[in-house]
Amino acid sequence: INTVKLDDIKSGLSDYLGREWVRVMIHEQYYYSDYFAHMPDFEKILDATMKYLTDKGRKSVWLEELV
């Protein structure tokens with residue numbers, strides 16, 4: 001998700017909605033302000049991603065629950 005801009009969340013995820021499950025992967029270091037590549041809007045990107053997916057009927061599960 002850290003490669004997707006906030007304004008591109010919907011278009012970046014829409015192709016995945018037809019799949020049985022969608023895996024969202026992040027690098028959490030982008031959240032921290034002392035990280036050299038900090039993304040100030042990273043929390044908003046995560047929130048928008050989860051809201052978009054839950055609004056489309058998806059629910060959050062751990063990968064271990066699927067295997």
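## The largest pocket

The helices named here are DSSP runs of H or I with at least four residues, strands are runs of E with at least two, and both are numbered from the N terminus. This is a predicted model, in which local features need pLDDT of at least 70 and side-chain atom pairs count only at pLDDT 80 or more, while totals for chains, interfaces and linings use all residues. Residues are numbered from 1 along each chain as its sequence is written, and side-chain values use heavy atoms, with hydrogens and water left out.

The space in the largest pocket comes to about 700 Å³. A pocket here is an open set of points on a 1 Å grid over the protein atoms alone, where a 1.4 Å probe fits and protein lies on both sides within 12 Å along at least five of seven lines; lining residues have an atom within 4 Å of a point. Points are joined across faces, edges and corners, and the volume is the space filled by probe spheres set on them. By class, the lining holds 10 nonpolar, two polar and five charged residues (nonpolar: Ala, Val, Leu, Ile, Met, Phe, Trp, Tyr, Cys and Pro; charged: Asp, Glu, Lys and Arg; polar: the others, Gly among them).

## The second largest pocket

The second largest pocket has a volume of about 280 Å³. Its lining has 15 residues, and those nearest the centre are Ile1, Tyr16, Arg23, Val24 and Met25. Nine of the lining residues are nonpolar, four are polar and two are charged.

## The nonpolar core

Let's turn to the core. Nine residues form the largest nonpolar core: Ile1, Ile9, Leu13, Tyr30, Met39, Phe42, Ile45, Tyr52 and Leu53. Such a core is a set of buried Ala, Val, Leu, Ile, Met, Phe, Trp, Tyr and Cys residues joined through side-chain atoms within 4.5 Å. Both α1 (9-13) and α2 supply at least two of its residues, and α2 gives the largest share, with four.

Leu13 is in contact (heavy atoms within 4.5 Å) with Ile1, Thr49, Tyr52 and Leu53, leaving aside neighbours within four places in sequence.

## Two residues in one loop

Tyr30 lies in the loop between α1 and α2. Tyr30 is buried, with a relative accessible area of 19% (buried is under 20%, exposed over 50% and partly exposed in between, with a 1.4 Å probe and protein chains only). Not counting residues up to four places away in sequence, Tyr30 touches Asn2, Tyr35, Ala37, His38, Met39 and Phe42.

Ile26 is also placed in the loop between α1 and α2. Ile26 is partly exposed, at 30% relative accessible area. With residues up to four places away set aside, Ile26 touches Ile1, Asn2, Phe42 and Leu46. Ile26 and Asn2 are 24 residues apart in sequence, with their C-alpha atoms 6.0 Å apart in space.

## The whole chain

The protein chain has three helices and zero strands. Its C-alpha trace spans about 35 × 25 × 15 Å along the principal axes. Of the 67 residues, 18% are buried. Among contacts between residues at least 6 apart in sequence, 68% join residues at least 24 apart.
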